[in-house]
Amino acid sequence: MKSLLKTQPSACEQCLERARQALGEQRMRDTLALLDAACASCQLEALTPALRCEIGQMQARAGWALYDLRRAYAGASLALSELQAEARLERVEMLDIASLCLSGAGLMDEALAVAREAVELATRPPQLHPVLPRALGALAHVYAQLGQYDEAEMLHMQALSRARESQEPHAMTRAYTNALLAGALAIDELRRRGEDLQADAMGQRQLRLAFQARSLMEAPEMHLRQRASLLLNIGIGMMHGGRLAEAQAMFEQGQALIHEQELPHAWASLQHAQGECALLSGELDRARALLEPLLLPAALQAYPFMRAPLLRNALRLYEACGDAPRAAQFTLRLRELEEDQARQRQQVGDTLRALRRQTPQWLSGQHDLLR
């Protein structure tokens, strides 16, 4: 087989082949480590544009899965600089990841522009039906981050409609999962701001969505990882709609799948959701048993995406238990976390701005940002 490298450095090729395998098996940290090893064993300029593009795409996907915004954005930008104009499917995916990274770093104007570009590209004739729902979902996420929940919800409904039109089970599963997850995040934020009536109304809409999504569960084409994720998010939607017993049943169905598929992030999310469900049910001892292991420093470090909602649920738990000293401790920890997240957003935002300014250098092949 002819090498994709101009000079055939076998160590680099071996690392890239292992990175492809790791990504296919959802071993994201291994994927990034193998990409680092590949780049350390050869010069990017020694690779063909097609291979540089693939490296960027792999880094973007793995980096985003780990919420490593710098690496995901750098990978997406590299891929975008190498993708051919006709590769619209891949370009929309990379634009989506770039917009989500910019949004996560608080660069909302830039995120909105990139997300709109992805939707425009996906809707340009002939429409890209397989990726249009995902592009609409990414744009909805950006609007939700801006606090424009009605606009975000409308876009998620458009994504669901387009996914149904495509009759592509994976697109429908992704659209329902994204809409349910976005609703859960919005409800958490509304409750944080004390807007309980709006949160309750959104919870009822999430409940209807959860019942619709449940009809997909028997689709034979659905990957087990997708089924596990959808079960978890359906359960969360039912929980926010007040159907706690049915939510717990969904969590129990998902538990075996998540364990079987070895999905640590999904397992932590499931434990958190079950703990919150027990808290809402008044089962304080069970809530404590589920939530306290996730509050250990190692768990909080491993699952950064859960820190804020988890600490808020811990505060609610200790207030319900009448444990004033622990409640005061978590009030302080929440305040410190919010201040730390604001600093991190500033730092990551500065990094992404720097990467964005270097895009012309990528276009000319003068880049060294994957190292």
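Reader: What share of the contacts in the chain with a separation of 6 or more comes from residues 24 or more positions apart?

Author: Residues 24 or more positions apart account for 61% of those contacts, where contact means heavy atoms within 4.5 Å. This is a predicted model, in which local features need pLDDT of at least 70 and side-chain atom pairs count only at pLDDT 80 or more, while totals for chains, interfaces and linings use all residues. Residues are numbered from 1 along each chain as its sequence is written, and side-chain values use heavy atoms, with hydrogens and water left out.

Reader: Why does the radius of gyration of the chain agree with that of a compact globule?

Author: The globule rule, 2.2 Å times the number of residues to the power 0.38, with the radius taken over C-alpha atoms, gives a value near 21 Å for 371 residues, and the chain has 21 Å, so the two agree.

Reader: What percentage of the residues in the chain is buried?

Author: Buried residues, those under 20% relative accessible area with a 1.4 Å probe and protein chains only, make up 51% of the 371 residues.

Reader: Why is α3 called oblique to α5?

Author: The axes of α3 (residues 49–65) and α5 (residues 88–104), lines fitted to C-alpha atoms over the stretch in contact with angles from 0 to 180 degrees between N-to-C directions, cross at roughly 40°. Angles under 35 degrees count as roughly parallel, over 145 as roughly antiparallel, 65 to 115 as roughly perpendicular and the rest as oblique, and therefore α3 is oblique to α5.

Reader: Which residues of α3 make the contact with α5?

Author: On α3 they are Q57, A60, R61 and W64.

Technical notes
Helix = DSSP H or I, 4+ residues; strand = E, 2+ residues; numbered from the N terminus. Buried < 20%, exposed > 50% of the residue type's maximum accessible area, 1.4 Å probe, protein only.
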